[in-house]
Amino acid sequence: MKHALVALVALLALVLALVPPAMLGPDQARILGIVLVTLVLWATNLVQGYLASLIFFAVLLVFGLAPPDLVFLGFQSTAVWLIVSGFVIGAAISISGLGAILARALSPLLTGSYPRLIAGLMAVSVLLSFLMPSSVGRAVVMVPVGMALADQMGFGPGSKGRIGIASVLAIGTNMPGFAILPSNIPNMVLSGAAETIQNVHFGYMKYLLLHFPVLGLLKAAAVVMLILWIFPARTGEAMSPREAVQEGGPASRRVLIRVGLILLATLALWMTDSLHGVNSAWIGLVAAVLLLLPGVGVVTPPAFRASVDFGMLLFVAGALALGALVNASGLGAMLGQGLIAILPLETGADAVNFASLSVMSVVTGLLATMPGVPAVLTPMAGDLAAQTGFSVEAVLMTQVIGFSTVIFPYQVGPLIVAMQMSGEKLGHLLKITLPLAAITLFLLLPLDFLWWKLLGVL
């Protein structure tokens, strides 16, 4: 089935390259072809994600479809460097034994039962979303702790319990953050684009009140229920977490204290980025340097090579480049205009308009990835407001429903990073994201509409 789908899309790409449709230029048609092939390779996992990215890079460069600075734009992104620092920090947390110690501290609160553990990890992840502006940073802190808890509860690699813990941490450190303004990258892209292009400013509390009750709390509850249903488990005999630090050893205590101080300073700077203005990625980079520094850090060269997954970086860089290319080539704008022509938008039909705008964002996210959604749709907000009778701000806010509805994990880099850190397969996450997307569109979307109506936004 996977081979047939990829072959069909590859044939479509070849047809587009040889016989471009009237509405597309020759280069646009070829770019659309390689974008579709790359997306289906990522979605089906027929080849490794990094190989799909390399194919994407190679085709663009060999055929001159995009300049190198655009093709390799992902490597210039702060997201990639935040991922690198995240791998190093995660390795330091595990090597120093800090993850096991934090797991022991949380154990009495969370390990009474498997449902209690999953719900508790989600609650901690949501709380951390208010404190840390980076979903990768939140995953870096929580995943090593969660894996240590899995060890303690007897969940071995590949077990449903361990997969459930990895899934709740991957999703919990990311998706609720879409409802908290400074917590995820797409939120900030939307905020910046709205202010620059539409002269609309989003307030922290207004954004939170509008999105968090449904897209934050209710969606978090839905995730917990899905994980308990799809990855059911019963707690085994408690085992002592494997610790790299032996209690009572003065050298080990010094290492633990150093790592703890570096992590605390990093967390403090991440939490106060609005005050000092230093990007979260550069804060993480400094932390990584300290943790790698001989005599200061604990991550040795072999541990560094083992912890940093270069294939993962290629995958994420490819996803970021794809979104940028879709926008730069004009395909994103064409997609948006095409959706406007198809969707039933008319003044007075508030429920239909609300659903249509939300679906437009979801579909755009499949092609442009989540950070690309605001870049594609924000310039159209004025026209969409005129067609629907909504305010420009309400039109802009519907994008949040779209870019927080993840169908395939490739759309959101932090999900991939978190699963990689956990050691569990990314494909397991698809078992959650697909039904969660259906729940969002058919249950949470109508509830969100009623909530917006209650608040007087529509």
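Analyst: Start with Lys-453 and Asp-350. Their side chains form a salt bridge, with the closest N and O atoms 2.8 Å apart. The term means a side-chain nitrogen of Lys or Arg within 4 Å of a carboxyl oxygen of Asp or Glu. This pair links distant parts of the chain: Lys-453 lies in helix H24 (residues 427-455), Asp-350 in helix H19 (residues 350-368), and 103 residues separate them. Helices here are DSSP runs of H or I with at least four residues, numbered from the N terminus. Asp-350 counts as buried because its relative accessibility is 18%. Lys-453 is at 35%, so it counts as partly exposed. The cut-offs: buried is under 20% relative accessible area, exposed over 50%, partly exposed in between (1.4 Å probe, protein chains only).

A word on the source. The model is predicted, so local features need pLDDT of at least 70 and side-chain atom pairs count only at pLDDT 80 or more, while totals for chains, interfaces and linings use all residues. Residues are numbered from 1 along each chain as its sequence is written, and side-chain values use heavy atoms, with hydrogens and water left out.

In total, the structure holds 5 salt bridges. Another one joins Arg-162 to Asp-151, at 2.9 Å from N to O. This pair also links distant parts of the chain: Arg-162 sits in helix H10 (residues 160-172) and Asp-151 in helix H9 (residues 135-152), 11 residues apart. Arg-162 has 8% relative accessibility, so it counts as buried. Asp-151 is partly exposed, with a relative accessible area of 25%. Glu-424 joins Asp-151 and Arg-162 in one network, built from salt bridges that share partners.

Now helix H2. Arg-30 and Asp-27 meet there in a salt bridge, 3.5 Å from N to O. The two are separated by about one helical turn because they are 3 residues apart in H2. Arg-30, at 34% relative accessibility, counts as partly exposed. Asp-27, at 40%, is also partly exposed.

H2 (residues 26-44) and H17 (residues 310-328) have axes that come within 11 Å and cross at roughly 145°. Axes are lines fitted to C-alpha atoms over the stretch in contact, with angles from 0 to 180 degrees between N-to-C directions. H2 contributes Ile-31, Val-35, Thr-38, Leu-39 and Trp-42 to the contact; H17 contributes Phe-315, Gly-318, Ala-319, Leu-322, Leu-325 and Val-326. Contact means heavy atoms within 4.5 Å.
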